[in-house]
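I opened the notebook to record what I looked up in this model, beginning with a single residue and then turning to the chain as a whole.

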Amino acid sequence: VRNVYLRCGHAMNLFLQIVCDSSRCKFGPNHPATCLPPTCKQSCAQYRQYPQQYSPNINRFCPSC
């Protein structure tokens, strides 16, 4: 999660531990070690999805400003 503050233009990463529990998620703990390319690229998510890539635009100054 990355908050983007529109008034000052700063962005802050929130270090939340969000885990994908699906065995079809390449980044999750349940992804089998035997799932390898090229099959893995066709059957499993290869990028972080919502909410891992969530980036809200907030219409205010960041906490540092």
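Is His31 buried or exposed? I noted first that this is a predicted model, in which local features need pLDDT of at least 70 and side-chain atom pairs count only at pLDDT 80 or more, while totals for chains, interfaces and linings use all residues. Residues are numbered from 1 along each chain as its sequence is written, and side-chain values use heavy atoms, with hydrogens and water left out.

I found that His31 is buried, because its relative accessible area is 16% and buried means under 20%, exposed over 50% and partly exposed in between, with a 1.4 Å probe and protein chains only.

Next I looked up where His31 sits, and it lies in the loop that runs between strand S2 (11-13) and helix H1 (39-43); helices (H or I, at least four residues) and strands (E, at least two) are DSSP runs, numbered from the N terminus.

I then listed the contacts (heavy atoms within 4.5 Å) of His31, and, leaving aside neighbours within four places in sequence, they are Ser22, Ser23, Cys25, Lys26, Cys40 and Cys44. I also checked Cys20, which is 11 residues from His31 in sequence and 9.3 Å from His31 in space, C-alpha to C-alpha.

For the whole protein I recorded 1 helix and 3 strands, in the order β-β-α-β along the sequence, and 23% of the 65 residues count as buried.
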